Amino acid sequence: MCQHTSHRQPIFCILPPHIIDALVQRGTPRQRARALRTLAVDNTIRALRSTPRTIVPRGRRRPSMTAAEGQKQRTIYNAHNTETLPGDVVRTEGSPPSGDQAVDEAYDGLGATYDFYSLAYNRNSIDDEGMSMLATVHFNQDYNNAFWNGEQMVFGDGDGELFNRFTISLDVIGHELTHGVTEDEAQLIYFFQPGALNESVSDVFGSLVKQRVLNQTADQADWLIGAGLFAAGVNGVALRSMKAPGTAYDDPVLGKDPQPAHMNDYVRGFADNGGVHINSGIPNHAFYLAAMQIGGFAWEKAGRIWYQTLIDAQLRPSANFQRFASLTLANAEKLFGAGSPEHQAVSQAWNEVGIAVT
Amino acid sequence: MRIEFQTEGGIAHFPGLSQPVVIDSEALTAEAASELTRLVEAARFFERPTVVGAPRAGAADYRQYTITVEEGGRQHSIRLADPVEEPTLQQLLHFLQTQVRALRREKGS
C-alpha cells in the first residue's frame, strides 16, 4: 500500500505487518484505530490485486455469446432477512409484479436505470454487453444500507426508526448500479479522492436516472440523493444534496451532513475509506453547477460530458479531482467545441468549487 | 467484559452513527451479559485474525465494523466488512447492533 501515494500513512508505511498487528492488539486507542485502518486498507488493496474481477476491464473484452442487443435481464432475489447472497429468485425479466414492494421497486428501478443508460448513452447494461442486473432485497435484519458487492446490488429494509426500505429511492438504485458501470470502466479505487469520484459518479448518474423518469430539467430537479429514505422524525431530507452539499440533514442521532461543497473545506481523514461519501460533495456540486449553467435536461449535455469522461481511457483508477476535472473539460471540448457554452460551463463549475481548470 | 463497537461506511457517512459505542457487560442485565459472553466464546473471538474477510474488488457502499473486546486482562480487535458470512460473527454483530439501538433509544428518551 505504501506504493499508493494517495493512501500513504507515513508511520505505518515503514512498519512490518507484525508490528502493525501488535499496535492493533496492544496499542493506545488512537494507535489501534490507525493500525486497524491500515490493515483494512492493505487488505482491500491486496483484494483489488488478487480477486478475479467479475467484469472484464475495458480493452480486454470479448464479444459475449449470450448478450442480447438492447435487452434488459433483471433478476430480483429475496434474502428473507438473512445475510445469505443472493437468496431466492422472486422475480425475473418479464414476470408480473410480485406484490412485494421492495421486490417490485428494485425491478422497476433496475429497468429505469437500464433504459437511462441505453437511451441516453447507448450503453447496453452495466458492462455495455448486456450483463444481467441482479439485486437482492430484504437483506439482513433492520439493515440500514444498500451496497454493490462487486457483482450485484443489495438492499436492506431499514430499521423503521431511522431509515425506510432502501429501494424507496430510485436514485439510490441508479447509484448502486452505476458502481458496476464504474467498475467496468475507470475502476476508480475506493479510497480518498478516486473513491470520492467513484461515489460522485454514482450520485450524478443516480440523480440523472431519477430526473429522466420525472422528465425534469436541471432547474426542476431536487438534486437530492436518497429523498424518502429517512423515517418519520429524522431531521433531514436526504442522504446528500448535490445542490447544497452539507445541508441534507442535521439530526440529533445522525449528526450533521459532513459534505463540503468547496476544496477549502475538503475533509482529511481515514474515516469512510478516506471520506469517499464526504468529499464527493465537491465533484457533485461541480456537476450541479455545470448542469444548471448549461440548462435543459442534465443528462443530455452535462451528463454526456461526465459519461464520456467515465469511459475515457485516460481516466485512471487512481485519478484525483484535478485529473477528473481536466478530463471533463477535454471531453466538453471534444463534444461541443472549444469556447462553447458547455465548455465554458464546465470550466466555470470546477473553478467555483476550488479546482482550477482551463 | 467491555466491548467497543464501531460502524463505518455504507451508502452515506453519518457522523452520529460512526462514533465508537462502548458496551459494558456490567451495565447489561444478567441474561444479556451471559448471552454476550456466550456469543464472544462461540465466535472464538480471541482466536480470530484482525481483519476478517475483505470486500470484493469493485465493491462499494459496504459497511465496516470494528469490534474490540477487553476481558480478564486481554484485549483483541477485529474488523469485518459486509456481508458478514460467518454465522457466529453474524450473531455477535446482531447482538451488538441491538444493544446500540437500545442505548440510542435510552439516550433519546
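Predicted model: local features only at pLDDT ≥ 70, side-chain atom pairs only at ≥ 80, totals over all residues.
Visitor: What makes a residue of H4(A) count as buried, and which residues are they?
Guide: A residue is buried if 20 or more other C-beta atoms lie within 10 Å of its own. The residues of H4(A) that pass are A:Ala102, A:Val103, A:Glu105, A:Ala106, A:Tyr107, A:Gly109, A:Leu110, A:Thr113, A:Tyr114, A:Phe116 and A:Tyr117.

Visitor: What do the buried residues of H4(A) pack against?
Guide: They pack against strands E1, E2, E3 and E5 of chain A, and against helices H5 and H6 of chain A. Just after H4(A), A:Asn122 takes a positive phi of about 55°.

Visitor: Why are strand E2 and strand E3 of chain B called edge strands?
Guide: Five strands of chain B form an open sheet in the order E2-E1-E4-E5-E3, with mixed pairing. E2(B), residues 21–24, and E3(B), residues 51–52, each pair on one side only, so they are the edge strands.

Visitor: How do you know that strand E4 and strand E5 of chain B pair?
Guide: Pairing needs at least two bridges. Eight bridges join E4(B) to E5(B), so they pair. The two strands run antiparallel. B:Tyr65 stands opposite B:Leu80 in E5(B).

Visitor: Which helix lies across strands E1, E2, E3, E4 and E5 of chain B?
Guide: Helix H2 of chain B, residues 87–108, does. H2(B) runs at about 100° to E2(B).

Visitor: How are two packed helices described?
Guide: By the angle between their axes and the distance between the axes. For helix H8 and helix H11 of chain A, the axes come within 8 Å and cross at roughly 145°. The crossing of H8(A) past H11(A) is right-handed. Its contact residues include A:Leu289 of H8(A) and A:Trp350 of H11(A). They divide into nine nonpolar, two polar and two charged.

Visitor: How many residues does each chain give to the contact between chain A and chain B?
Guide: Chain A gives 43 residues and chain B gives 37 residues. On the side of chain A, the largest share, eight residues, comes from H3(A). By class, that side has 19 nonpolar, 14 polar and ten charged residues.

Terms used. Residues numbered from 1 in each chain as written. Chains lettered and ligands numbered in written order. Contact = placed C-beta atoms within 7 Å. Helix = DSSP H or I, 4+ residues; strand = E, 2+ residues; numbered from the N terminus. Nonpolar A, V, L, I, M, F, W, Y, C, P; charged D, E, K, R; others polar. Buried ≥ 20, exposed ≤ 12 C-beta atoms within 10 Å, placed from the backbone. Axes fitted to C-alpha atoms, helices over the stretch in contact; angles between N-to-C directions. Left-handed = near helix turned anticlockwise from the far one by under 90°.
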